Amino acid sequence: MATVLDLKMGEPRLKTSWVWAYFDVKTLPDGETVACCKTCGKTFKHGGSTSNLINHLAKTHKVFRPENYNNGNGNGKRSSGEQQPPIPPPQQSYSNHSNTANYALDPLSINNLTLHPLEFLFGTWRGQGKGKFTGINDFVYGEEIQISPDEAGRGWLYYRQRTWNPARNDMNFHSESGYIRCPGMGSKVELVLAQPTGIASVEEGQIEGTTVSLRSTNIARSSTAKPPHVTEYTRVLSVNTDTNQLTYTFSMSTQEKPMEDHLFATLIKVS
Ligand SMILES: [Zn+2]
């Protein structure tokens, strides 16, 4: 692992955060030391936390912490004990969604910046959907979904969704929020959601191209969540990057009804 000397400390100390593969430490004419981004040249106050550097890499360059990085504590384990998805090193490109198992660890290579495997989902998406299910009237709804990466560059995404009823003054229909996880930053995806109706769920699936297919693996309910209870569901999100359209289908089974198509929506990327 590449290291540089911490120039700010009175005695030399190894700099071990992975971010130092992307920053040079420079001393300005006035004696101040700064961290200088090797990619864009932006400088940051040097010393203390590296979180502003990590934020810069994640937001500006879509670079995230490499997989198996040992945080410099010498035992190969993450010092914080956080449950973080391992993230591949910078030169791994996800443009072909290839298997990530056999990459060479070279964090100094910054020519080929890492793209998040779900970058095609980043943004705010807005549009309309149609719903149907045996036993209920067909309905239409407006919807907005916001998906954005964790600012600290840990690889997971914020997911926030709400729908409204155009037939009733755009009153809120349904909302759910949670996190999209990308364990291994490969093709596997997990979506962890909470709903105000007392339901929490976990779904898991795969990325193929710009399509994400998910199936529920766990659905939990509070004691007052209203029946009929959904027993299983599938969700397929697909992005057309030429037209900036996100379409999804959602199918479900309930305690009373077998698996059936329930929702279909087309959303446009608005920001
Ligand atoms: Zn930069």
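Me: In the hairpin that E3 and E4 form, which residue in the turn has a positive phi?
Reply: Strands here are DSSP runs (E, at least two residues), numbered from the N terminus. E3 and E4 form a hairpin with 5 residues between them. The turn residue with a positive phi, about 95°, is Gly-31.

Me: Before we go on, what kind of model is this?
Reply: Residues are numbered from 1 along each chain as its sequence is written. Local features need pLDDT of at least 70, side-chain atom pairs count only at pLDDT 80 or more, and totals for chains, interfaces and linings use all residues, since the model is predicted.

Me: How many bridges pair strand E3 with strand E4?
Reply: Two strands pair if DSSP finds at least two bridges between them. Strand E3 covers residues 23-27 and strand E4 covers residues 33-37, and they pair in the antiparallel sense. The number of bridges between E3 and E4 is 5.

Me: Which residue in E5 is the bridge partner of Cys-36?
Reply: E4 is joined to strand E5 (residues 43-45) by 3 bridges, and the two run antiparallel. They also form a hairpin with 5 residues between them, where Gly-41 in the turn has a positive phi of about 85°. The partner of Cys-36 in E5 is Thr-43.

Me: How many strands make up the closed barrel?
Reply: The barrel runs E6-E7-E8-E9-E10-E11-E12-E13-E14-E15 with antiparallel pairing. Within it, 5 bridges join E12 (residues 211-221) to E13 (residues 230-240), and Val-212 stands opposite Leu-237 in E13. The strand count of the closed barrel is 10.

Conventions
Helix = DSSP H or I, 4+ residues; strand = E, 2+ residues; numbered from the N terminus.
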